[in-house]
Amino acid sequence: METNNNEKIYYPSKQVIDNANIKEYDKLYKNSIAHPEKFWEEQAGYLSWYKKWDKVLDSSNPPFYKWFEGAKTNIILNALDRHQTSANRNKLALMWEGEPGDTRSFSYHALNREVCQFANILKSMGVKKGDVVTIYMPQIPEQIFAMLACAKIGAAHSVVYGGFSHESLADRINDANSRVVITADGGYRRGKVVEMKSVVNKAMELSPTMEICITVKRTGVDVYMENGRDYWYHDLKGLPIASTKCETEQMDSSDMLFLLYTSGSTGKPKALVHTHGGYSVYTSTTHRMVFDIKPEDRYWCAADPGWITGHSYIVYGPLINGATILLYEGAPNHPYPDRWWKMVDRYGINILYTSPTAIRGLMRFGDSWPNRNNLSSLRLLGSVGEPINPEAWRWFYEVIGNGKCPIIDTWWQTETGGFMITPIPVTPLKPGSATKPFFGCVISIVDEKGKEVKTGEEGNLVIKTPWPGMTAGVYRDPQRYIDTYWKKYQKQGWYLTGDAAKRDKDGYFWIIGRTDDVIKVSGYRLGSAEIESVMAKHPAIAESAAIGLPHAIKGNAIHITAVLRNGFKSSKELEHELTAYMIEHLGPIARPEEIIFADMLPKTRSGKIMRRVLKARALGLPEGDLSTMDE
């Protein structure tokens with residue numbers, strides 16, 4: 001299926017090339033994979049260290065690689081401490097807007113004071129190096145202060161997305177053995193208060209380890225507070241314990257920085273561990289090089305700090321690089337569909353990094369909403385979370401970026417810590433392709449036996465060499481780490497991503513989706529993302545999900561669940577029209593067996609379509625772990 005090769009290639013303008021920090025990809029990439037340890041050592045040189053490493057990479061116990069072994073550091077040394085004695089001290093670090101329209105901002109100096117106060121409060125509650133603190137909060141500045149405060153004193157944070165149920169929260173608290181949780185009374189979403197402290201109260205009833213809850217007052221909603229267990233953050237902040245000076249704990253490079261839970265298609269969610277040294281180097285390097293960061297940039301990653309995108313590209317990468325970041329609490333279309341575009345205009349945002357789900361959701365409302373705002377400050381756009389269909393890519397490029405902003409379409413995972421396949425601003429772009437591997441990363445597409453597949457053929461995406469951002473493993477379960485990611489290609493020592501992909505004649509990678517999202521019809525492999533991209537081109541379709549269900553003759557048949565745009569109604573006639581459209585655009589092999597119309601698709605709270613849930617429902621099977629599903 002070489003349909004992608006007919007796509008238009010978008011070349012960077014002379015202005016983009018002239019202004020780019022890295023003018024050329026190929027030479028630097030070749031050098032980085034010929035001498036990976038030298039490359040990563042050079043990148044580590046951009047950071048401060050209490051003590052330099054004895055060894056860049058310790059590979060004595062694969063797959064448990066250790067980076068910058070022997071070094072003493074703390075991510076806070078680079079995200080905050082070093083900015084206090086530089087020109088960045090009075091630079092704007094964080095701009096925040098709440099959904100009701102309230103705003104706050106913090107310089108690097110002010111951010112440091114807040115983090116020190118929070119760190120001292122945690123210390124007074126008995127939190128020490130190596131403890132895991134659970135954070136369950138809306139997108140308010142205190143969420144970031146809490147993360148940074150944990151890191152500062154050597155405790156690990158486990159941020160649980162603020163939309164999880166109390167059972168899901170309790171599972172994660174108990175798995176991490178947390179005794180302290182940080183929350184807020186609530187947050188705002190689509191004009192309503194989302195209660196959070198009440199959820200934490202229920203979770204604490206199911207948790208034998210939980211002793212202390214610190215609550216930030218955000219909404220003023222009534223909450224139950226228990227003496228000796230529950231503390232208001234503003235009360236603690238007024239006590240002498242909350243000094244604005246706090247020493248940063250010196251950590252080994254391989255000490256745990258945070259846990260982040262990720263759900264597989266089977267089994268309970270697993271806590272992935274990231275560490276201070278390698279993760280600091282990787283997130284800051286990828287952020288600096290890929291987003292071509294300039295000192296004057298105003299950067300907005302419109303994700304939630306509760307997911308890896310927020311950890312790496314709202315909090316740690318940008319702060320290490322001394323960037324000015326924007327954080328927004330609420331929904332992208334509240335109260336009107338131009339909320340985001342108004343904010344780009346108001347804050348003079350230069351870089352906007354978001355998800356295909358958000359782009360498609362805003363595209364539904366048409367061009368007039370973005371067009372009534374001044375988006376001329378934008379110079380780069382970014383996409384994350386799933387393959388972006390070419391239709392949404394082009395709308396993002398032409399309407400939001402006015403045809404002048406390169407789209408940084410990034411492929412990576414919670415496990416990888418940062419970008420693995422991504423363009424840089426000077427890379428020629430093909431809509432829907434994440435383009436080429438990041439520097440120092442050797443990535444390939446292989447068959448079940450580990451043999452490289454031919455150009456244009458689909459196979460398993462594997463990473464062949466270690467990289468500094470990689471997870472240190474699954475918390476307290478090393479065997480699960482080996483079984484999930486390394487067992488299949490253990491002999492070769494390759495990391496299995498769980499994604500299917502293909503590479504075109506120009507060496508561009510096209511992510512098809514999770515390997516269980518690849519549909520084999522009569523021996524032909526079709527990716528759900530490929531089918532959904534064609535559906536998205538039809539004027540009636542807002543978004544869709546394609547799954548394969550068993551078929552007596554074909555092996556599998558395609559079943560599509562589709563969400564209609566405003567102004568369209570479901571009918572048999574429309575189903576026939578869409579079937580003909582699929583055949584026209586992908587060939588008879590892509591004929592859907594059935595098209596069902598729905599009001600919405602089941603998704604994770606980070607916006608990924610849960611195709612396995614649609615499959616389970618269609619087959620009448622158990623739906624599995626639904627803790628990450630957006631209600």
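Cys150 is tucked away in this predicted model: its relative accessible area is 0%, so it counts as buried (under 20% relative accessible area; over 50% is exposed and anything in between partly exposed, using a 1.4 Å probe and protein chains only). Its sulfur is 12 Å from the closest cysteine sulfur, in Cys246, which is too far for a bond. Cys246 is in no disulfide either, with the nearest cysteine sulfur, that of Cys116, 5.5 Å away. Cys246 is also buried, at 13% relative accessibility. The structure as a whole holds zero disulfides, a disulfide being a pair of cysteine sulfur atoms within 2.5 Å.

A quick word on the ground rules: residues are numbered from 1 along each chain as its sequence is written, and side-chain values use heavy atoms, leaving out hydrogens and water. Local features need pLDDT of at least 70, side-chain atom pairs count only at pLDDT 80 or more, and totals for chains, interfaces and linings use all residues.

On to the aromatic rings. A search of the whole structure turns up 40 aromatic pairs (rings of Phe, Tyr and Trp, the last by its six-membered ring, with centres within 6.5 Å; planes under 30 degrees apart are stacked, over 60 edge-to-face and the rest tilted). Among them is the tilted pair of Phe39 and Phe439, at 6.2 Å centre to centre and 50° between the planes. Phe39 belongs to helix H3 (residues 36-44) and Phe439 to the loop between strands E20 (407-409) and E21 (443-446), so this pair ties together parts that are 400 residues apart in sequence. Helices (H or I, at least four residues) and strands (E, at least two) are DSSP runs, numbered from the N terminus. Both Phe39 and Phe439 are buried.

Phe118 and Tyr233 make a stacked pair, because their ring centres are 4.4 Å apart and their planes at 25°.

The charged end of Arg288 sits over the ring of Tyr46, 3.7 Å from its centre (NZ of Lys or CZ of Arg within 6 Å of the ring centre and within 35 degrees of the ring normal). Likewise, the charged end of Lys217 sits over the ring of Trp232, 4.9 Å from its centre.
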